[in-house]
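I opened the model and kept notes as I went.

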Amino acid sequence: MATPAQWIAGARPRTLPAAVSPVLAGTAIALWAGEAVWWKALLALLVSLLLQIGVNYANDYSDGIRGTDDARVGPVRLVGSGVASGRAVKTAAFTALGAAGLVGLVLAATTAWWLVGVGLLCILAAWFYTGGRHPYGYMGLGEVMVFVFFGLVAVIGTTYVQTETFELPALYAAIGIGAFACAILVANNLRDIPTDTVSGKRTLAVALGEERTRHFYGLLIDLAVVALVGVALTTTWWVLLALAAGPASIRAVSKVLGDKATGPGLIPVLQLTGVAELLYAAGILAGIAVSLL
């Protein structure tokens with residue numbers, strides 16, 4: 001029986017900035033549009049957090065029963081380490097995803113019912129990342145789906161539920177946030193290339209190889225900077241406060257491209273990238289807030 005501390009660790013709290021950041025960025029654009037609705041922003045945040053926790057437990061379950069996590073480098077996995085049964089972790093995943101769906105229904109009921117379909121796609125994407133017979137995470141599509149759901153859908157969706165309009169700055173912000181979210185996954189998969197290769201998990205990192213994966217990580221960070229310029233051009237130059245993410249990003253890129261970190265040496269990169277994403281989103285929100293004073 002896993003302890004409460006092990007269950008919390010299994011939820012992978014260090015990945016939660018990837019859930020908070022899109023809501024901060026999306027709310028920033030809603031604020032710029034003069035339509036920020038704070039209670040909807042809080043509900044969107046709850047949905048995002050529950051989806052992130054749900055996909056983390058689902059990934060733990062699916063990889064665990066396949067044996068992918070048997071020789072994993074990094075934080076302990078509940079099923080792979082044997083501290084929790086697959087059934088219990090699967091139940092935790094479904095509980096988190098179901099709760100996200102219920103909160104999402106409230107947002108849909110108060111905004112537009114077609115959002116129910118978007119929410120269903122998010123839940124399906126969370127489960128089939130590593131779940132089912134043909135998980136897309138095993139076919140090199142993980143980064144694409146992370147960009148779509150934790151970038152485009154999360155940011156633009158957060159703005160939409162508050163403004164009920166599609167705002168161009170939200171697209172640019174979504175590209176930046178999506179790039180950071182992808183970078184987190186790329187760093188994770190870069191670390192796991194040896195074990196994933198042995199277990200047959202063909203991630204994009206396995207397909208690209210180590211060197212190209214390192215350069216792909218750097219390109220994603222560059223894309224986030226370019227996207228920030230797009231946000232600035234369509235809102236206010238105050239959003240360049242998001243460059244506060246620079247020091248953490250530079251340190252992360254240095255470890256990936258300069259130090260050629262491997263294995264456990266890449267764990268700090270995950271942390272730095274998560275911090276950078278959060279600072280990026282908070283900087284956009286702070287910049288827009290300051291510009292409206």
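I began with a crossing: α3 passes α5 in a left-handed sense. The model is predicted, so I read every value here as computed from a prediction. The contact of α3 with α5 holds 21 nonpolar residues, three polar and three charged.

Next I looked up the geometry of that pair. α3 and α5 pack at about 160 degrees, and their axes lie 8 Å apart. The angle makes α3 roughly antiparallel to α5, because the cut-off for that label is over 145 degrees.

I turned to α7 and helix α8, which spans residues 168-191. Their packing angle is about 145 degrees, with the axes 8 Å apart. α7 passes α8 in a right-handed crossing. I sorted the contact residues of α7 with α8 and got 17 nonpolar, five polar and one charged.

**Helix α2**

I checked the span of α2, residues 17-32. The helix has 16 residues and reaches 22 Å from first C-alpha to last, close to the expected 22 Å at 1.5 Å a residue.

How many of the 16 residues of α2 are buried? I find 12, and α2 is mostly covered. Among the buried ones are Pro 17, Ser 21, Pro 22, Val 23, Gly 26, Thr 27 and Ile 29. Several alanines are on the list too, including Ala 18, Ala 19, Ala 25, Ala 28 and Ala 30.

**Helix α6**

I ran the span check on α6, residues 115-128. α6 has 14 residues and reaches 20 Å between its first and last C-alpha, close to the 20 Å expected at 1.5 Å a residue. Leu 115, Cys 122, Ala 125, Ala 126 and Trp 127 are buried in α6. The elements covering these buried residues include α3 (38-66), α5 (86-109) and α7 (142-163).

**Positive phi in the loops**

I then went through backbone angles. Most residues other than glycine have a negative phi. I noted two non-glycine residues with a positive value.

Arg 12 has phi near 55 degrees, positive although the residue is not glycine. Arg 12 sits in the loop between α1 (4-10) and α2. Is Arg 12 buried or exposed? Its relative accessibility is 12%, so Arg 12 counts as buried; the cut-off is under 20%.

Glu 164 has phi near 60 degrees, again a positive value in a residue other than glycine. I located Glu 164 in the loop between α7 and α8. Its relative accessible area is 42%, so Glu 164 is partly exposed.

**Arg 212**

Last, I looked up Arg 212. The residue lies in helix α11, residues 210-234. Arg 212 has 55% relative accessibility and therefore counts as exposed, since the cut-off is over 50%.

I also took one distance from Arg 212. Arg 212 and Gly 151 are 61 residues apart in sequence. In space, they are 23 Å apart, C-alpha to C-alpha.

Conventions
Residues numbered from 1 in each chain as written. Predicted model: local features only at pLDDT ≥ 70, side-chain atom pairs only at ≥ 80, totals over all residues. Heavy atoms only, no water. Helix = DSSP H or I, 4+ residues; strand = E, 2+ residues; numbered from the N terminus. Expected span 1.5 Å × (residues − 1). Buried < 20%, exposed > 50% of the residue type's maximum accessible area, 1.4 Å probe, protein only. Contact = heavy atoms within 4.5 Å. Axes fitted to C-alpha atoms, helices over the stretch in contact; angles between N-to-C directions. Parallel < 35°, antiparallel > 145°, perpendicular 65-115°, else oblique. Left-handed = near helix turned anticlockwise from the far one by under 90°. Nonpolar A, V, L, I, M, F, W, Y, C, P; charged D, E, K, R; others polar.
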